[in-house]
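Biologist: I'm new to this one. Could you show me how to read it, a feature at a time?

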Amino acid sequence: MKTHPHAHSNAHPRSLPPGLLTAAAVCCTVFAWASAFVSIRSAGAAYSPGALALGRLLAASLVLGVLLLVRREGLPPRGARRGILLSGLVWFAGYTVALNWGERLVDAGTASLLVNTGPILMALLAARLLGEALPPRLLTGMAVSFTGAVVVGLSMSSGGNGSTPLLGVALCLIAAAAYATGVVAQKPALSFATPLQVTAYSCFAGTVACLPFAGQLVAEVPRAPLSATLNMVYLGVVPTALAFTTWTYALARMPAGKLGATTYAVPAIVVLLSWVLLGETPVWLTLLGGLLCLAGVAVSRYRPRTRQESEARVEEPAPEPPPRGSGSAQPVA
């Protein structure tokens, strides 16, 4: 039997909607960054803050360099280099060292709370420097999520002696500011370069900035347990190489302030990972805070259908049936 040339045109799978790919990139980033808090706690017991940052960035640079070669992506365009350099120095290097150091002085709950001031700074910087809007729904969602982050932080830090070193607080706030600044610097660069280029060359710049810690890293690797070294490599491959690439992919497709609000889900995921991997059973107040974090993200991400969109959908004419005997197949809705 002769096969019609278009008979198998519908056998090929449709490409995924861009919105679904962006959502998947956001989810990947959030889960990977949440896991980083657990890995930093493990690796940080054997590695100093600078050595851990350099080891993490070296592992990430190796993976990203291979990806650049495989995809044959060269140097980023000139217009992207300023943002890439600033992001690499401030976010990849500065944030990583400050967070590693801060988590040695404060518990994970307090660190998560303090770092989650970053999306607020990010939204304000994006509004001031990039001209992004601050819609009421975004501000409301950020307020709800930040309240949840406060609840998570307080509930997870209430079991100690109640004292939080001032230096640890300052370092976590510095990390939050570096995080917000790095994101705002990346956004214009993505107008010229691909997400992989922005991520890879930012990572390279951060690695070069951390090279003064090379002596510490060489001295600490032989003494560190294998589990700590594996956690350091994991930090470079997943939360850095993979998650920063998915982050820049999403950042190129949505406003920085709105994307930053999604990271408020990180404290809730940290609680779950600590529960599963570290055996730290959360109290009801921690669970409540986690739910508030997720609820705030849902509020900030929700966009109701406008009346014009609904009317256009209702008034959209139905497609005419094909002429009888045309032999062409209709796509499945």
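Predicted model: local features only at pLDDT ≥ 70, side-chain atom pairs only at ≥ 80, totals over all residues.

Biologist: Let's start with Ala243. Which helix does Ala243 lie in?

Modeller: Ala243 belongs to helix H10, which covers residues 226–251.

Biologist: And is Ala243 buried or exposed?

Modeller: For that, you look at relative accessibility, and buried means under 20%. Ala243 has 0% relative accessibility, so it counts as buried.

Biologist: Which residues is Ala243 in contact with, leaving aside its neighbours within four places in sequence?

Modeller: Those are Thr29, Ala32, Trp33 and Val238. Take Thr29: in sequence, 214 residues separate it from Ala243, yet in space the two are 4.5 Å apart, C-alpha to C-alpha.

Biologist: Which residues line the second largest cavity?

Modeller: Its lining is made of Arg56, Leu57, Phe92, Tyr95, Thr96, Thr240 and Phe244. Helix H2 (49–71), helix H3 (78–102) and H10 are the elements giving two or more residues to that lining. The largest share, 3 residues, comes from H3.

Biologist: How do the residues of that lining divide into nonpolar, polar and charged?

Modeller: You'll find 4 nonpolar, 2 polar and 1 charged in the lining of the second largest cavity.

Key: Residues numbered from 1 in each chain as written. Heavy atoms only, no water. Helix = DSSP H or I, 4+ residues; strand = E, 2+ residues; numbered from the N terminus. Buried < 20%, exposed > 50% of the residue type's maximum accessible area, 1.4 Å probe, protein only. Contact = heavy atoms within 4.5 Å. 1 Å grid on protein atoms, 1.4 Å probe; cavity = no way out; pocket = protein on both sides within 12 Å on 5 of 7 lines; lining within 4 Å. Nonpolar A, V, L, I, M, F, W, Y, C, P; charged D, E, K, R; others polar.
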